[in-house]
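Trainee: I have a new structure open and would like to go through it with you. Could we begin with the overall fold and then move to individual residues?
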Amino acid sequence: SSSKLLIKGGTVLNAHQQEVADVYVEDGIIVAVKPNIKVDEDVTLLDATGKYVMPGGIDPHTHLAMEFMGTETIDDFFSGQAAALAGGTTMHIDFVIPVNGSLVAGFEAYKKKAKKSCMNYGFHMAITKWDESVSREMEIMVKEKGINSFKFFMAYKGSLMISDELLLQGLERCKSLGALAMVHAENGDAVFEGQKRMIDLGITGPEGHALSRPPVLEGEATARAIRLAKFVNTPLYVVHVMSIDAMEEIARARKSGQKVIGEPVVSGLVLNDSGLWDPDFVTAAKYVMSPPIRESGHDKALQAALSTGVLQLVGTDHCTFNSTQKAFGIDDFRKIPNGVNGIEERMHLVWDTMVESGQISVTDFVRITSTECARIFNIYPRKGAILVGSDADIIIFNPNSSFEISASMHHSRTDTNVYDGRKGKVMSIFLFVPYA
Ligand code: DUC
Ligand code: ZN
Ligand code: ZN
Ligand code: ZN
């Protein structure tokens, strides 16, 4: 038997157009998109009149079941994906972390973690050190495992950070394999000095985290990565663009014709640090992520850059730790596990911040939350579109009905939510692909 569904009368949104049409789905694949589709009686009918019908969100940047800073993220592939689905995101791309320096071992470990999955996912690979064997294994990843994007760390001195010399080798390797190089761009040496300064001044609380790694260090590393990518002549993807400083470097490079992609994350677009550093540790520590949430002004500038195409898609860096885990850093902000939630809230908050404010159109919303990610990572038009032949990862969005985001209602396992009290739109999610 087959599953058949007809979504009737909604406004179908794609990145390239909007139209009032019906969407007919069989066995998880979109079979027809046009007005007034007639079907047999065994077809399930859904009335979407007055609602938007659009491709499910794709989050290009998540960390589920990741071991990091002496602990493991509280959301695994089940709870993280449940949260994603509840918020209209039907696919995400997570970062494989190598095991004992081995990419292959890391990949196998993540395949195991991902057995709990209830939706499609993809993988990038984080490069946590650099040597000949990593370089060799990159080829296996690209040719045999389907991983085509590699992230290098310019921060996390003493653990993940690599030197410019090694970053150059990594960029060269990406170029020769036809893979996309990604960077976490903060100057790790300077962050290390900044952290010492804060501790010497007796600033040990969560506010010390932000003060120790200001926007200038993100701007410097972003500029350096862009120039090194230019020297090698290979495209660059800058993850979690959190500051005007970094965004302006990306704008300049793109204007000159260089292939640079900038990914802001929801936290950088909608939060700023005024009022964040509450004297209560737990209240403040939940906001600690890297790069840090910036002063007021960066948020609005990143929104503007997204609306003009200087930045192209929105991720989350969903990386959740509960209050007990955050408390590892109660005496020293350097030990607070870095990361905030967002996989469940991204679609809501981008809609609220960008569409409701009139900064982007409803079709742009689809582009920056879904289509652009599918294009960059080679999964379009199977994902990221409501087109004949695409996967039926479909969301129905009611623009006239809201709810309040809260830690008590969310689906993530974490006990806090950095978006508490904000508004989201009511939506339904339809996923008909069998996920084995
Ligand atoms: N930043 C975070 O906040 N968490 C995960 C890793 C990172 O770079
Ligand atoms: Zn629910
Ligand atoms: Zn990062
Ligand atoms: Zn990340």
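Trainee: Among contacts in the protein between residues at least 6 apart in sequence, what percentage join residues at least 24 apart?

Mentor: The share is 76%. Two residues are in contact if their C-beta atoms, placed from the backbone, lie within 7 Å. Please note that this is a predicted model, in which local features need pLDDT of at least 70, side-chain atom pairs count only at pLDDT 80 or more, and totals for chains, interfaces and linings use all residues. Residues are numbered from 1 along each chain as its sequence is written, while chains are lettered from A and ligands numbered from 1 in the order in which they are written.

Trainee: How many helices and strands does the protein have?

Mentor: There are 14 helices and 16 strands. Both are DSSP runs numbered from the N terminus: helices are H or I with at least four residues, and strands are E with at least two. The radius of gyration is 21 Å, close to the 22 Å of the globule rule for 436 residues, so the protein is as compact as a globular protein of that length. That radius is taken over C-alpha atoms, and the rule is 2.2 Å times the number of residues to the power 0.38.

Trainee: And what does the C-alpha trace span along its principal axes?

Mentor: The spans are about 70 × 50 × 40 Å. Of the 436 residues, 54% count as buried. A residue is buried if 20 or more other C-beta atoms lie within 10 Å of its own, exposed if 12 or fewer, and partly exposed in between, with C-beta atoms placed from the backbone.

Trainee: Which residues are around ligand 1?

Mentor: They are His63, His184, Met289, Ser290, Asp317, Cys319, Asn338 and Gly339. A residue is near a molecule if its C-beta atom, placed from the backbone, lies within 6 Å of it. By class, this shell has 2 nonpolar, 5 polar and 1 charged residues. Here Ala, Val, Leu, Ile, Met, Phe, Trp, Tyr, Cys and Pro count as nonpolar, Asp, Glu, Lys and Arg as charged, and the others, Gly among them, as polar.

Trainee: Changing topic, which residue does UniProt list for "modified residue: N6-carboxylysine"?

Mentor: The unreviewed UniProt entry lists Lys151. UniProt positions follow the numbering used here, feature names are shortened, and annotations may be inferred rather than shown by experiment. Lys151 lies in strand 11, residues 149–153.

Trainee: Is Lys151 buried or exposed?

Mentor: Lys151 counts as buried because it has 21 C-beta neighbours inside 10 Å. Leaving aside neighbours within four places in sequence, its contacts include His124, Met182 and His184. His184 is also one of the residues around ligand 1.

Trainee: Which residues does the "domain: Amidohydrolase-related" annotation cover?

Mentor: In the unreviewed UniProt entry, that annotation covers residues 52–406. The span is 42% helix and 16% strand, and its end C-alpha atoms lie 24 Å apart.

Trainee: How do strand 2 and strand 3 pair?

Mentor: Strand 2 (residues 18–26) and strand 3 (residues 29–34) pair in the antiparallel sense over 5 bridges. Strands pair if DSSP finds at least two bridges between them. Asp22 stands opposite Lys34 in strand 3. The two strands form a hairpin with 2 residues between them, and Asp27 in the turn has a positive phi of about 50°.

Trainee: Why is Asp27 partly exposed?

Mentor: Asp27 is partly exposed because 14 other C-beta atoms lie within 10 Å. Most residues other than glycine have a negative phi, and most peptide bonds are trans. Ala65 also has a positive phi, near 50°. Ala65 lies in the loop between strand 6 (57–62) and strand 7, and it counts as buried, with 21 C-beta neighbours inside 10 Å.

Trainee: Where is Pro291 found, given the cis peptide bond that joins Ser290 and Pro291?

Mentor: Pro291 is in the loop between helix 10 (281–285) and helix 11 (298–308), and omega of that cis bond is about -10°. A cis peptide bond also joins Tyr380 and Pro381, with omega about 5°. Pro381 is in the loop between helix 14 (362–376) and strand 15 (393–404).
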